[in-house]
Amino acid sequence: MENAWLIPLFPLLSFLVLLLFGKRLKEASAYVGILLTLASLVFSVIVLVARLTDATFKAEADWLQIGDLQLTVGFEVNQLNALMLVIVSLVSFLVHTYSKGYMHGDERFPVFYAYLGLFTFAMLGLVLSPNLLQTYIFWELVGVGSFLLIGFYFNKESAKAAAKKAFIMTRIGDVGLLIGMILLFWQTGSFEYDEIFASVHAGEVSGTMITLTSILIFIGAVGKSGQFPLHTWLPDAMEGPTPVSALIHAATMVAAGVYLVATMFPLFAASDTAMSTVAIVGAFTAIFAATIGLTQTDIKRVLAYSTVSQLGYMMLALGAAGYVAGVFHLMTHAFFKALLFLAAGSVIHAVHTQDIEKMGGLWKKLSFTAPLFLIGTLAISGVPLFSGFFSKDEILIAAWANGNYVLFWLAVIAAFFTAFYMFRLFFMVFAGKERSDMKKVHESPFTMTGPMIVLGILAVVSGYVNTPWFGTFLGDWLVDGNEALGHGHIEGPAWIMIVATVVSLAGIYLAYLMYSKKTLARDWFTSRAPTLYSIVVNKYFIDEIYNSTFVYATKAVSLFLRFIELFLVEGLVKSVTGIVKGLGKTGSKLQSGQVQTYSTVAFVGLAVLLIIFALTGGYF
Amino acid sequence: MDLEKLLSFDWGLMAPEFIILIATVLLTLLDLFLPKKVNRRILGWIAFASVLVAIAALGGLLGEQVGSILHDTFRLDSFAKAFKLLLLVGSALVLLLAIDYQPKEGLNEYRGEFYYLFLTGLLGTMIMSSSGDLITLFVGLELLSISSYILAGLRKKNLKSNESAMKYVINGSISTAITLFGMSYLYGITGSTNLKAMAGTLTTLNDPQYIYLLGLSFFMIFVGLSFKLASVPFHMWAPDVYEGAPTPVTAFLSVVSKIAGFVILIRVMVSIYSAIPMEDGTTPMLFGLQDFIGFLAAVTMIVGNLVALRQRNIKRLFAYSSIAHAGYLLVAFTAMSYVMFDSIWFYMLAYVFMNLGAFAIIQLVTTKVGSEDIAHFAGLYRRAPILAVTMAVFILSLAGIPGTAGFIGKLNIFLGALMVSPSHYVLASIMIATSVISYFYYFGIMTQMFFRPRAEEGKLKVPAATTAVLIICAAATILFGVMPQLAFDFLQSNFNQFLDFMG
């Protein structure tokens, strides 16, 4: 573990090498990136295995002295970041491999790999940071990497706008983080996580200050993790290449906000208000994004909203004191969402459109992608035996055990929506008749399907490290030696699991009724599942009722929320930028080019100062 | 004063100034007597060499105790040494840029003039940073001002350059008048022009009527000097002058001249106004009037950053950005924390490298096409990837993104503002908010460079001297961003926290 600091350096090396020699290497750049991230992955796994038994390792060196303030740099390997290291380096490695096929033929192929290296470096550095200042530095660097990658197709006006939007929106959150961090420093005299927690524990920081700082830090997390109301950049960020969406907007960067809250958990746990804020924002985001997801027709935007919603779940878990549940879902989500994005990329690669209305009947054509996409969809829907089932169950139990019954039911409803819109997506893309205009569809090369298979396996099995049936290894290990993080496993009533299962199956069934039944060839269905078919026929009027009432109602709600997003959130942003622009305009109008004006301004300024001085000083 | 007395002074303290002076005389003569055919760029190299020698001479003086000659009118304390170092390094870099400056309408006939006027300006700044008397201080200030008026109008046949020089002279004279008026109050009340003697007299002052008059002088001197800082309310000349002046002169004005402005401001304000008690008898006037400076700092940051959003001309944009940077520096000056000197020095160090680096690229791109529209930066990454990445480093640093020297500089100022009690959290928040606004225009340039199709065809050839500037600036920007302790160690081991400033 002493050598854990090497892990982020491999991708950095990849970035530098590709920056300098990328033009000469051309598409061979991919090998540089792949091999170096593989090295990171191997090291990360070694570190994780070592951390399973050994104690937390921390190394530091002096960096900067301002007056008596001593700032340090270093790295730390504890349970949480050992786990994160593996998640990040694994997904990054798989995305590197996948991109070799996906980006094939792109003119700026080496640049893409260079940016990927930069981003991975920043993300791994962020994970290893033992103090807030270092975290902040890498946090910003992650933002820069994401900016470059989202704007990669810069010939598209929308990609440029999205890159800028993502950067600015997350910056708004970052300001919260920065202020919170400085306030904490002011109160505790340190940026070190350990020392901050120690002085919080010792009661040296007042209750209001704890609440204030944790909420400010949470604002940073809200920006990065796309929580309401700073979520609007995330769907737009889908303008970036799809592997980027898998890496940044599913598994790593957006999870950084959740990771930050998890890292700062002892601080949050010291304030009930902060915890409720996190839980409420999380639950609201979960259901809010899920309803929007119902209406989207762009394959990547559906996934983007589902990411926002799932991140909301994680926040809910953390806010409900379910540390283990939040981290656990962070892990399983990283795998199945990366899988879904890569699979979506594979679909887009094959059909050259992102509009699901134009897709259909791809099941037979994409014989690898389709089952893998199905695995991802089952996992995210929380179907039993898949990873998402276990982690979502933990979250629901945590919310229930914490007494947040309203939030619990919101989460259950959001789970229903999730199952529904994910299978809506699945059916619209893969089921139904083949489209005549999609004759030349072919499966992606192995460099693309390979990583998807790995993620597919993980999307199934990764849930079993923490189950109520076979033991809660992950949970026990995560909280080992740190009681501030809560219990490894929260006991909950057994009916929660049943409710979760019923809800997700109901969602799937509804999606099936609405999007598959009508378009699917009847003999295909009847020959395979005759019983189900007869039920469908008998329940036909339910379908109608669903259509006219329930779906209508949710559509209305979703429209309403969309309205809030458009007019309230965007309106707020617009008015702020409007004021700024207006002031800038006035300022430059004053700049008339007339020297008289300039000296008048100086004189008036001087006169105003003198008058105020004379008045406040009591000379008149 | 007889000859014996004159010889008894320790003239060695002025070695760097003498070197620059000798070089100036030498260049004047050479320019006069060298045949017309000889390329005057050789004079630039001589000027550059003389600045290097002056840096070396200053290095030799670093270990010296504080000393003063000519009856305390010239003092060499840690403050003077530390800031002279910045002035010299900045000037050396600007000279390198000037050597490579080849504008379209030609500058060859009077290129020689540029170098020695430049050196006299530099000499003025050095005298300002070392003066212990209002007279020498003013002489230094005028030496700098008059040299820069001419420098701004050096492109005689260019209308904009003429306009720029004219505006600069008019505004500059007004500012000088205001400053002098303020200083006359000080002289009237104390009967002395020596900073130390004045401070001594003023400490014992307790008539509130005098304090009122001193308050007036405080504001007049501050507003007069804000011309050199390009801060509110005397900031409006900057965009017009920066736009019209030849690019190396703009670089000089925005870096060296601005640093000199801060040097003289700190020298006068801290020496004199921290000695005057307010009516309550305990708070020094400098602290009593903090809110006013804080207000001006806030307005400077807001105006600089907001108006920069509207600029299409890269030099005007950098004029506003340099106004904003003056605002950040004023935040440190307002807070007056015990790390004020360190944080201002470090910020200026970072500013020298990041701003001059950016100007090097601006000069390169704009002189080639003869226009200064931001659009000419479009697709720079396609045309010259390394140049674009270097420019990105400077811009990230100017914006204060972690990993660069600019970030550490801002962090220092920020922590300094919160460290004092009562802490200036409002000012600190305005600083953060306005830096966020600055991302819009800084990233506007980035978008142009990286995300736009190329505007110009053809390769950009980077001349040798400019290459050196770029390498030095980029390396320093990153180095001091990653290992800022190097600079702080240097400060601590050589200047002992500027304790001899008042002594």
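Does A:Leu385 count as buried or exposed, and how many C-beta neighbours does A:Leu385 have inside 10 Å? A:Leu385 counts as exposed, because it has 12 C-beta neighbours inside 10 Å and a residue with 12 or fewer falls in that class. The model in which this residue sits is predicted. A:Leu385 lies in the loop that links helix H16 (369-381) to helix H17 (387-401) of chain A. Its phi is positive, about 80°, although the residue is not a glycine.

B:Ala230 is not a glycine either, and its phi is positive at about 55°. The residue belongs to the loop between H9 and H10 of chain B. B:Ala230 is buried, because 29 other C-beta atoms lie within 10 Å and the cut-off for that class is 20 or more. The loop between H9 and H10 of chain B also holds B:Pro233. The peptide bond leading from B:Val232 into B:Pro233 is cis, and its omega is near 5°.

As for confidence, the predictor assigns the complex an ipTM of 0.82 and a pTM of 0.72. The average pLDDT of chain B is 86, and 98% of the residues score at least 70.

The axes of helix H3 (residues 79-102) of chain A and helix H15 (residues 323-351) of chain A come within 11 Å and cross at roughly 5°. That angle makes H3(A) roughly parallel to H15(A), because angles under 35 degrees are classed that way. On the H3(A) side, the residues that meet H15(A) are A:Leu80, A:Leu83, A:Ile87, A:Val91, A:Tyr98 and A:Tyr102. Their partners in H15(A) are A:Val327, A:Met331, A:Ala334, A:Ala338, A:Leu342, A:Gly345 and A:His349. By class, the contact of H3(A) with H15(A) has eleven nonpolar residues, two polar and no charged.

Helix H3 of chain A also contains A:Leu85. A:Leu85 is buried, with 26 other C-beta atoms within 10 Å. Setting aside residues up to four places away in sequence, A:Leu85 touches A:Ile7, A:Ser44, A:Val47, A:Leu48, A:Leu124 and A:Val127. The C-alpha atom of A:Leu85 is separated by 36 Å from that of A:Lys365, a residue 280 positions apart from it along the chain.

In soluble globular proteins, nonpolar side chains tend to be buried together. The largest nonpolar core in this model has 412 residues, and those with the most contacts inside it are A:Val261, A:Leu316, A:Leu339 and A:Ala411. Helix H15 (residues 340-369) of chain B supplies the largest share of this core, 21 residues.

A strand residue gives another local view. A:Asn466 is found in strand E3 (residues 466-467) of chain A. A:Asn466 counts as buried, having 27 C-beta neighbours inside 10 Å. With neighbours within four places in sequence left out, its contacts are A:Phe328, A:Phe390, A:Thr472, A:Phe473, A:Leu474 and A:Gly475. A:Asp476 is ten residues apart from A:Asn466 in sequence, and their C-alpha atoms are 8.9 Å apart.

The last part concerns the two chains together. In the contact between them, 44 residues of chain B meet 42 residues of chain A. On the side of chain B that touches chain A, two or more residues come from each of several helices of chain B, among them helix H7 (159-190), helix H9 (208-229), helix H10 (237-244) and helix H19 (425-451). H19(B) gives the most to this side, with eight residues. By class, the side of chain B that touches chain A has 35 nonpolar residues, six polar and three charged.

Conventions:
Residues numbered from 1 in each chain as written. Chains lettered and ligands numbered in written order. Contact = placed C-beta atoms within 7 Å. Helix = DSSP H or I, 4+ residues; strand = E, 2+ residues; numbered from the N terminus. Nonpolar A, V, L, I, M, F, W, Y, C, P; charged D, E, K, R; others polar. Axes fitted to C-alpha atoms, helices over the stretch in contact; angles between N-to-C directions. Parallel < 35°, antiparallel > 145°, perpendicular 65-115°, else oblique. pLDDT = per-residue confidence, 0-100. Core = buried A, V, L, I, M, F, W, Y, C linked by C-beta atoms within 7 Å.
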